[in-house]
Amino acid sequence: MESAPPSKNKLFRFVSVIFLCLAPTILARGQYYFDKWDTDSGLPQNTVGAVTQTRDGYLWLATLDGLVRFDGVKFKIFTVGNSAGLNNNRFRLLREAPDGALWIGSEEFGVARYLNGKFRTYTTADGLPTDSPLALAIDADGAPLVLTANGLVRFDGESFRRVPLDTAPTVRSCEARGGGMWILDVNGLRKISDGAVTETGTDFKLKPEDFAAACYEAPDGTLWLGRLSGRLFSFKNGQLTSYGPESGLPAGAVINFINQDRAGNLWIGTDDGLLKLAGGRFERYSPASGLSDKFVLSFYEDRENTLWFGTTLGGLNRLSRRAISVLTTADGLTGNSVYPIYEARDGAIWLGANGVTRIAGGRITKFPLKEGGMFGDVTAIAEDGDGTLWLGAAGAVGTLSDGKFTNLKKSFILPEGSYTVWAICRDRTGAVWFGTSHGLVRKKGDVYEIFKTADGLPGDDVKVVHEDRNGALWFGTYGGLAVLNPEFNRSADQPKSLFKTELKTFTAADGLSSSRIRSIYEDEAGVFWIGTYDGGLNRFADGRFTVYSTKNGLFSDGVFQILPDDEGYFWMSSNQGIYRVARAELEDLAAGRIQAVSSEAFGKRDGLLNTECNGGRQPAGVRARDGRLWFPTQEGAAVVDPRTVGRNPLPPPVILEGVTIDRKNIDLTEPIEIRPDQINLEIAYTGLSFVKPEQMRFRYRLEGLNDDWTEAGTRRTAYFSYLPPGEYTFRVTAANNSGVWNTEGASLRLKVYPPFWKTWWFAALAAMTAGLLIYLILRRRFAKIERERAAQVEFTQNLIAAQERERKRIAGEIHDGLGQNLLVIKNWALLALQKKQLPDAVLLEEISETASQTIEEARRIAYNLRPYQIDEIGLTRAVEGMIRRLKASGEIDIEMQIDNIDDCFPPDGEINLFRIVQECLNNIVRHSGAREAWVTIRREPQKVLVKIEDRGKGFAPESIGGKRGLGLTGIEERARMLGGRSLIQSVAGKGTIVQIQIDL
C-alpha cells in the first residue's frame, strides 16, 4: 500500500528491498559502545598496562605514573608521594593471590605487594633475578610467580626462590588455567605448575622477531599464541591451527594480548585496534568505533561480565552492549522527530512524523501525505474496523486506506487549522473519539459532537483517550483525569446533556500527582497506571492513588508512555530518556513494604541519539507483538528488545572508604571514637558495580540513634553534624542499576564520649555537691525559720506583755480617773439627796464639773485605743494633729512635711501607718533626749516613703544583742503588713533614722 506517485514507485520498491535486506543489520547496528577514562577524567597517566578486579570488588589499573583503584565513579591514586612502601610510580603488571594480596609489577623497580592496606616492594635484594619483571602469575598452590629475562622465581612467603628453568632473554608467558604459567621462548613452549616444568612436545618456538608475541590459555584448554608477524595460532591436543589475513586478521598487526570472555568471544588487542573472533571471523573495533586509542594493551572481564581494555595513549575503555537501536531518516523514515507509533492488526508498525512510515516484514514504506492535503507532523494514529487508518495532525483529520489519504476537513466539527488532534480511539461500539487541543470530539456514524469543560471535562486539552476492559472511556487532559460510564456510549439516543452526569473526574484534590496527563495503561489485574508530564506515575486501584516520583526513586517525573515487558518491568519515556522499574517494586511501595523504588535509565550510551522522548501524541510508543518496545524521540524511533537487556543479578559489594571527624581523616582499622569537642562526622562509602555505577542507590542508618533507613540516592557520603553521647552502629547498603540490593552492606561501630559534665563520675560529684548545697541551704533556711519563729514567739510574748501592761494602764486610768470621778459624782449626788451643807446650785455645779472631767478622761482613753480622728478628718490631718499636740506638749521641736495620703491605704492600713508614726515619735520623746526631730511622708506614683529622724543619743545595734523591744518589732511588723520594707539606722550619739517604703 504505497501512496507515492507512479513516478516514484520504483524508488520506493528499491528502498523497500534494500531495507528488507538490511533491517536486521539496521536494528543491530552499533551493538557496542565504549566509555573512556583518561587524564581528563582523573587518571594519572594514559597508559594502562594491566586491569584486574580484586575480591573486594575494586578495579585496579597499572599505569606509568601510579597505581589506580577505581570504584566506577572516582579514582584513588597510589604513588611514592602518598603511599609508604612503594619505590616508584611506573607499573605494568597486576595479579591477585588467593590470600587477597595484590601483586604489582613495575617497569624496572621490582614487584610490590598490597595487603591489608599496606605496600611492600621486593627487589633483587629479596631474590628477584632482575628488577624488571616480564610477567606475573599465581601458581597452583597460590604462590606468586615472577618471570624475568634472567629466570623464573617463586614467592615462599618471605622472599623469592628461583625455579629451575632454562630461559632465553627473549620470553613471553601467560597464566595457566588452574594455576601456574606457560612460557614461550626460543627453547619452545613449556608449562610450570607447582614448581615443576612440563614440556609440550611441540616445536613451536619464539623467534627473535616475535618479541611482542602474546599467549593465553582458554577455559577449554586451548592455548592461543600470537606472533609479531601478525599471525594467530591455537594449540590444543597437540594440534596447531593458524589464523591470518585469510581469516580476517589484519595483515601485520602486532598482537599485544589474547583473551576470551565468558560468552566465548576471543578478544585480541593489537597495535591497530581491537579484534573479536566469533564464528571463525574477526570483527574490528577502532577509534572510528569509539575506541579511545588503536594501540590496545590489556584486557579484563569483571564479575558482572563487563569488558575493560587498557590502551597506550587513550587510557581505560569499557565495552558495553547497547540496549537500544534507533531508526532515522537514514533508514527511510519520513522524519526524525517521531511522535505517534502504532502497531496495526497485521503487525505493521506505523510511525508518525512529517507524514507516516510503515514498517512490516523488513520493508519500509513512506507516505509524505502532502499530496492528500495534510501538511506538517502526524500527531495521532488509530485503526478502524476495516483496517483503515485514522490520522490526526495540526488542523487536520483524515484516513489512509489502500495507500490513499482522505482529508476530512469538510466534515470535521472543528474548523480547519484551529486545533491539533492528540489522540484517536475507536471504541467497541464503533464510535471514534478524538482528543484535541480544543475539546473532545465524538464521531458516531456521520454525526460529530464536541464536549468541553462546560460539559464536565476537567480540561479542554485532551491528550489521551483509552477504553478499558469494561467499555468505560478514560480521558487524560491537561486539567485532570475523567472516566465516562460505558452506558452513555452504548445507546445511540443518549442526549449530550447526560455526558456530565455520567462523567467522573479526578484532579490533584483527589490525590492525582499532576493534572497534566500524558499516558494511561490498564494492567491485567485491572489496576490503572497514569503517567503525567511533570508529576511522575500514579497507580489507581480501589479508588485510591499511589504516587511515584523522583522523591521515591523514579528516574524522572515525566511519564509519557508506559509499556510492560515479559521480564516484570514497566518501561517509561521522558524528556530525560527511557527508564524501567520493576512492577513488583511499584506494588511493594503501594503496599507500604518499601519506601522507594529503583529505576534503571537508558540514554545515549545505550543507543539513543537524543535522550528527549516525545509524548502527548498517541500512541506515544507501543509494545509490538514480537515483544520489542518502540518509543518516539526527537531523533528517530528507539527500539528496545527487553529480552536482550537482561538484569544485573549481582548485589554490589559495599565498602567503607573513610571517616573524617572535623575534616581530619581517621584510621578505619582503629576504633572510631569521638570526643566531646568534635562535632562534624563524615563517613564515605561506595558500592562496587561497574554496570552504570552512576545509577547505584544507597541507604544508611545509624542504629542507636534512628533505626529508619535514610535514602541517600546516589550520594556516597553520610554527614552527621552532632551525635549525642553513646555507642552506635552505622550501616550502609547499596543497590545496583537493576535494583538488586546488598542485604548485608557494611557496618562501622562508633563511640561518642560525653563532655565531662555528662560523665557518671561528674554526675556523682554533682549529686554530692548538690546534696551538700541543699543541706546547707536547708540548714540555713531552717535556722532562719527558727530565728523567725523565735522572733515571732518573742514578739508574741512582748505583745501579750504589752497587752497586759495596756490593760493594767487602762484599768488604772479607769480606776484612778474615771472611777474616782464617778465616785465624786456619786458622793455629790448623795449630798444633794440628803440636802446637807451645800445648796442645790453648788452641788449641781460640782456634779457638772466632775462629769466633764470624766468625759474628757474617757475621750483620752478612747483616743489611745482608736484614733477616731482618722474617720472624721482623714489620715493626713490626723497625723498632722498628733504631731502638733506632741510638739505643743513637750520640749522637742518637730518639723514635718506630709503629702496627702488619705486615699492610699485601706482602713486597717491607715491605722497601721498612724501607729508607726505614733510609735516612732513616742520613742523619740521617751528615749532619744533629742531637741529636734523631722517627719517626712512623701507620696510618689507607685509608693509612699516615710522618714522619721532625730538628732538624739541613738543606740548601737550590737548593744541590744540582737533583741528588739516591742516598739521596733511593732514598727517592722506593721510595715510588713502594709506590704512595705523598713530600715532602722542608728548610731550611738548621732541619732536614729527610720525609713519605710510602702509599694502601692
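Visitor: In strand 45, which residue stands opposite Ala-482?

Guide: Thr-505 is the one facing Ala-482 there. Before we go on, this is a predicted model, where local features need pLDDT of at least 70, side-chain atom pairs count only at pLDDT 80 or more, and totals for chains, interfaces and linings use all residues. Residues are numbered from 1 along each chain as its sequence is written, and side-chain values use heavy atoms, with hydrogens and water left out.

Visitor: How many bridges join strand 44 to strand 45?

Guide: Strands are DSSP runs of E, at least two residues long, and helices are runs of H or I, at least four, both numbered from the N terminus. Two strands pair if DSSP finds at least two bridges between them. Strand 44 and strand 45 (residues 503–506) run antiparallel and are joined by 4 bridges. On strand 43 (residues 473–477), there are 5 bridges to strand 44, again antiparallel. Look there for Trp-474, which sits opposite Val-483 of strand 44. Strands 43 and 44 make a hairpin, with 2 residues between them.

Visitor: And strand 44 itself, how many of its residues are buried?

Guide: Buried means under 20% relative accessible area, exposed over 50% and partly exposed in between (1.4 Å probe, protein chains only). In strand 44 (residues 480–484), 5 of 5 residues are buried. Gly-480, Ala-482 and Leu-484 point one way, Leu-481 and Val-483 the other way, and all are buried.

Visitor: What order do the strands take in the open sheet of 4 strands?

Guide: Read across that sheet and you get 2-3-4-5, with antiparallel pairing. At the edges are strand 2 (48–53) and strand 5 (75–78), each pairing on one side only. From one strand to the next, the twist averages 20° (axes are lines fitted to C-alpha atoms, and angles run from 0 to 180 degrees between N-to-C directions). For a close-up, take strand 2 and strand 3 (residues 59–63), an antiparallel pair with 5 bridges. Ala-50 has Ala-62 of strand 3 as its bridge partner.

Visitor: Now single residues. Is Thr-420 buried or exposed?

Guide: Thr-420 counts as buried because its relative accessibility is 15%. You'll find Thr-420 in the loop between strand 37 (404–407) and strand 38 (421–426). Leaving aside neighbours within four places in sequence, its contacts (heavy atoms within 4.5 Å) include Thr-379, Ala-393 and Gly-435.

Visitor: Where is Glu-711 found?

Guide: Glu-711 belongs to strand 62 (residues 706–713). At a relative accessible area of 33%, Glu-711 is partly exposed. With neighbours within four places in sequence left aside, the contacts of Glu-711 are Gln-595, Ala-596, Arg-697, Phe-698 and Arg-699.

Visitor: Last one: how many cavities of 30 Å³ or more does the search find?

Guide: A cavity is a set of points on a 1 Å grid where a 1.4 Å probe fits but cannot get out, and lining residues have an atom within 4 Å of a point. The whole structure has 3 cavities of 30 Å³ or more.

How values were computed
1 Å grid on protein atoms, 1.4 Å probe; cavity = no way out; pocket = protein on both sides within 12 Å on 5 of 7 lines; lining within 4 Å. Points joined across faces, edges and corners; volume = space filled by probe spheres on them.
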